[in-house]
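Subject: Structure handover, helix packing

Hello,

Here is the structure I said I would pass on.

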Amino acid sequence: MQDFDVVVIGSGPGGYVSAIRSAQLGFKVAIIEKYAVMGGTCLNVGCIPSKALLDSSEHYYNAVHSFEEHGIDIAKPKVNMGQMIKRKAGVVSNLNAGISYLMKKNKITTFHGLGSFDSAKTVKVTKEDGSSEVISAKNIIIATGSKPTILPFIPVDKERIITSTEALKMKEVPKHLIVIGAGVIGAELGSVYARLGSKVSFIEFADSMIPTMDKTMGKELQKSIAKMGADFYLSHKVTSAAVKGKEVTVKAQDSAGKEVEIKGDYCLVCIGRRPYTDGLNLAAAGLTADDRGRVAVDEHTLQTSVPGIYAIGDVVRGAMLAHKAEEEGTFVAEVIAGQKPHINYNLIPGVVYTWPEVAAVGKTEQELKAAGIAYKEGSFPFKALGRAIASGDVDGVCKVLADATTDEILGVHIIGARAADMIAEAVVAMEYRASAEDVARMSHAHPTYTEAMKEACLAATAKRSIHS
C-alpha cells in the first residue's frame, strides 16, 4: 500500500491547488481524479469552456452589429458552430495539459479513478476497468466539487432539455432557447446563444436576474440582454416541461397563479448546482453529508469532524466559486503544515461573464438595509466614461457603498466592460479597509474603465463626481 502525507480527492481548482501548495510545503502528495482529464467542472464543463464560447459569440455579435460603425466593412458573417466548439475544446485541452504538467513538476502522484473512503485513513481508487487499489494518507482533502441541480419533474434528456454541460457542445444554434433560471450560469449561456441569433426566453423564480447580487446589477443586466431580443418571465415558477419531436414546451405560473406556455426547440435548465459527494462512501470514514450533500467543517480549519479529513470548495458551505475553492485549497494545505492562514469570505468577488460583465464584492445595498447599517451610495454611469464611449461599451454603472460614519467601503458593484478585472481594485481596497475618499484621492490612468471606480467613490464621499 502506498502511503502519502496528503491525498486530495478531486482535481478541480480547489483540489489541484491544494495538492500543489501541499507539495510546495514539503508533503508527499497524491491526487485522485475520477475522469481521464484533470481540472474538474471548472476547466472541463464550466468556467473555462463557457468563457471561450462567450468570447467567440461576442466576436460574432460585434462583427454583425458594430464593425460597420467602426469603419470595418466585411461580408455578412456566419456562425460555424463546429469550429466554435472545436476552438473551445482546444482551449480546454491546453489547460488540461497544463495541470498535468504542474502535477509532474511538483512530484504529485496522480491516480485516475473513483476515489472513495475505505477508512478514515485510507482511500480506495476504483479504475474504469473495474480494478482498484487502496492508498493511505495522514491527511485527506475532499475536493469533489458539484453537479447541476435538476428538478425532479423536468425530464432532462440531454438532447432537447439540457444542462450547462450539453449547452457547451451544441451542434447548432437554437432557434428559440428557453432558459430555466436567470442566475449566473443561465445569464451567461443564455447570452451566448442570444448573441449568435437565438431567440432566448428566461424563466426565473425570483423577481430579478442574478438574484443573489445587488438589485441594481440585475436590473441593468436585464436591460442589456433585452436589447438582443430576449424575453423575461420573472417571478415565475416552472411547473412542467415536455418534449415532442424537436419541440419543447415549458409551462410556468406567475406570482398570481396565471399560467404561461412557452415553446422552443431547446430548453436549458440552470437552477444552480449541488455538492457532489456521491460515491465517496463517507460513512466508512465516519462522516455524513447534510440534506444538500454538503460536508460540515470547522470554520477555523476546514477540518471535518474526523481529525485529518478536510473538505473544501463546493462540498462545503459558501459560494460555489472556483476562486473560493482555490483559496480554501491553499488554506487547508497551510493549516496541515501548522501555519495560521486566513480567508475573508466577505471579500471573495463574484463575477458574471456576460457583456457587459457584472462583478461585485462585499455587501449589497439590500444586505446593508436588512442589517440596519447606515451607508452612503455613490454611482457613476459608463455612458459618462471616456474610455467606454470610445469603445462603444456605454452600458453599465459602478456603484460604491460606504459606511455613513467612517466612509469605509462596504460593497462595490459594477456592471460594464471589464468589470471582472476592475473588481480586483475594490477587493484590494476593502482588504485594507480603505475609505471611499482613499480611493477617490488615488490617481487613475485616463482614459480607463477603472476611472468609474474613482468617480463612484467621489460620488459616495461627498456627491462630488467630476464627470457626471
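The crossing of α3 and α4 is right-handed. Please keep in mind that this is a predicted model.

Helix α3 covers residues 47–65 and helix α4 covers residues 81–105; their axes come within 9 Å and cross at roughly 140°. Angles over 145 degrees would count as roughly antiparallel, so α3 and α4 are classed as oblique to each other.

On the α3 side, the contact is made by I48, P49, A52, L53 and S56. The residues they meet in α4 are M84, I85, R87, K88, V91, V92 and L95. By type, the residues of this contact between α3 and α4 are nine nonpolar, one polar and two charged.

The other pair is α1 with α8. Helix α1 (residues 13–24) and helix α8 (residues 322–336) have axes that come within 7 Å and cross at roughly 30°. Since angles under 35 degrees count as roughly parallel, α1 and α8 are therefore roughly parallel to each other. Their crossing is right-handed.

From α1, the residues in contact are P13, G14, Y16, V17, S18, R21 and S22. From α8, they are A322, A325, E326, G329, T330, A333 and E334. The contact of α1 with α8 divides into six nonpolar, five polar and three charged residues.

Regards

Key. Residues numbered from 1 in each chain as written. Predicted model: local features only at pLDDT ≥ 70, side-chain atom pairs only at ≥ 80, totals over all residues. Heavy atoms only, no water. Axes fitted to C-alpha atoms, helices over the stretch in contact; angles between N-to-C directions. Helix = DSSP H or I, 4+ residues; strand = E, 2+ residues; numbered from the N terminus. Parallel < 35°, antiparallel > 145°, perpendicular 65-115°, else oblique. Left-handed = near helix turned anticlockwise from the far one by under 90°. Contact = heavy atoms within 4.5 Å. Nonpolar A, V, L, I, M, F, W, Y, C, P; charged D, E, K, R; others polar.
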